[in-house]
Amino acid sequence: MARAGEGVSVTAEFTVQPAHQGAPGLAHGGVLATALDETLGSLNWLLRTIAVTGRLETDFVRPVPVDTVLHLDARITAVHGRKIYSTATGRIGGPEGPVAVRADALFIEVKVDHFIDNGRPAEIRAAMSDPDQVRRARAFEVNP
Ligand SMILES: CCCCCCCC/C=C\CCCCCCCC(=O)SCCNC(=O)CCNC(=O)[C@H](O)C(C)(C)COP(=O)(O)OP(=O)(O)OC[C@H]1O[C@@H](n2cnc3c(N)ncnc32)[C@H](O)[C@@H]1OP(=O)(O)O
């Protein structure tokens, strides 16, 4: 779950499950990168922009044990043309706890055609016949 914050920012929590293990009892780095990517990606909705991750640079600062709640905080740092720069931290032991992971990202704005042209037809058809998805995609296509 993500909540809008001050400026263009969001906070979110992610609980590390046993299925997310890499080393015994510890979160896999790829899963932590995914949690960062998802949180950073939700910022683009606040800009009402459809964008995909172009670059995600991740620092793994502390090991994150299974059952830990990762407190994520992400914000947009700059927008230049189609490029959206953002940064995120994941803290453990509480929202003010030590930083365990952080990431800097570059998202690139795309047209809805990016998904229609490249996605697997079955899933695209399913998305296009879902009125909620269509409404959401159209909302981005007209000038909001
Ligand atoms: C009717 C309903 C139907 C369907 C509904 C669907 C609705 C969907 C809605 C919402 C979905 C939201 C989904 C969020 C998902 C969460 C996040 C992810 O996990 S995304 C998955 C992982 N990422 C990818 O798969 C990207 C794969 N890459 C690409 O497709 C291309 O490389 C892309 C689009 C990123 C860029 O390609 P170009 O040809 O469009 O653009 P160029 O001209 O190359 O780049 C533009 C600028 O960006 C810089 N740039 C591009 N990639 C860069 C990079 N990796 N590092 C640094 N700069 C980069 C370039 O240098 C250029 O900069 P200069 O304008 O010249 O200053």
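Colleague: Which residues touch the most other members of the largest nonpolar core?

Modeller: This is a predicted model, in which local features need pLDDT of at least 70 and side-chain atom pairs count only at pLDDT 80 or more, while totals for chains, interfaces and linings use all residues. Residues are numbered from 1 along each chain as its sequence is written. A nonpolar core is a set of buried Ala, Val, Leu, Ile, Met, Phe, Trp, Tyr and Cys residues joined through C-beta atoms within 7 Å, and buried means 20 or more other C-beta atoms within 10 Å of the residue's own, with C-beta atoms placed from the backbone. The largest such core has 22 residues, and those touching the most other members are Leu36, Leu40, Leu70 and Leu72.

Colleague: Which elements give two or more residues to this core?

Modeller: Helices (H or I, at least four residues) and strands (E, at least two) are DSSP runs, numbered from the N terminus. On that basis, the contributors of two or more residues are H1, strand E2 (9–15), strand E4 (69–80), strand E5 (83–91) and strand E6 (99–109).

Colleague: What is leucine 40 in contact with, leaving aside its neighbours within four places in sequence?

Modeller: Contact here means C-beta atoms, placed from the backbone, within 7 Å. With those neighbours set aside, the partners of leucine 40 are Ala74, Ser86, Ala88, Ala103 and Ala105.

Colleague: Over how many bridges does E4 pair with E5?

Modeller: Two strands pair if DSSP finds at least two bridges between them. E2 and E4 meet that in the antiparallel sense over seven bridges, with valine 10 opposite alanine 74 in E4. On E4 and E5, leucine 72 stands opposite glycine 90 in E5; the pairing is again antiparallel, and the number of bridges between E4 and E5 is nine.

Colleague: Which residue takes a positive phi in the hairpin of E4 and E5?

Modeller: The hairpin of E4 and E5 has two residues between the strands. The residue with a positive phi, near 60 degrees, is glycine 81.

Colleague: Is aspartate 37 buried, exposed or partly exposed, and why?

Modeller: Aspartate 37 lies in helix H1 (residues 29–46) and touches Thr53 and Leu56, not counting residues up to four places away in sequence. Because 18 other C-beta atoms lie within 10 Å, aspartate 37 is partly exposed.

Technical notes: Buried ≥ 20, exposed ≤ 12 C-beta atoms within 10 Å, placed from the backbone. Contact = placed C-beta atoms within 7 Å.
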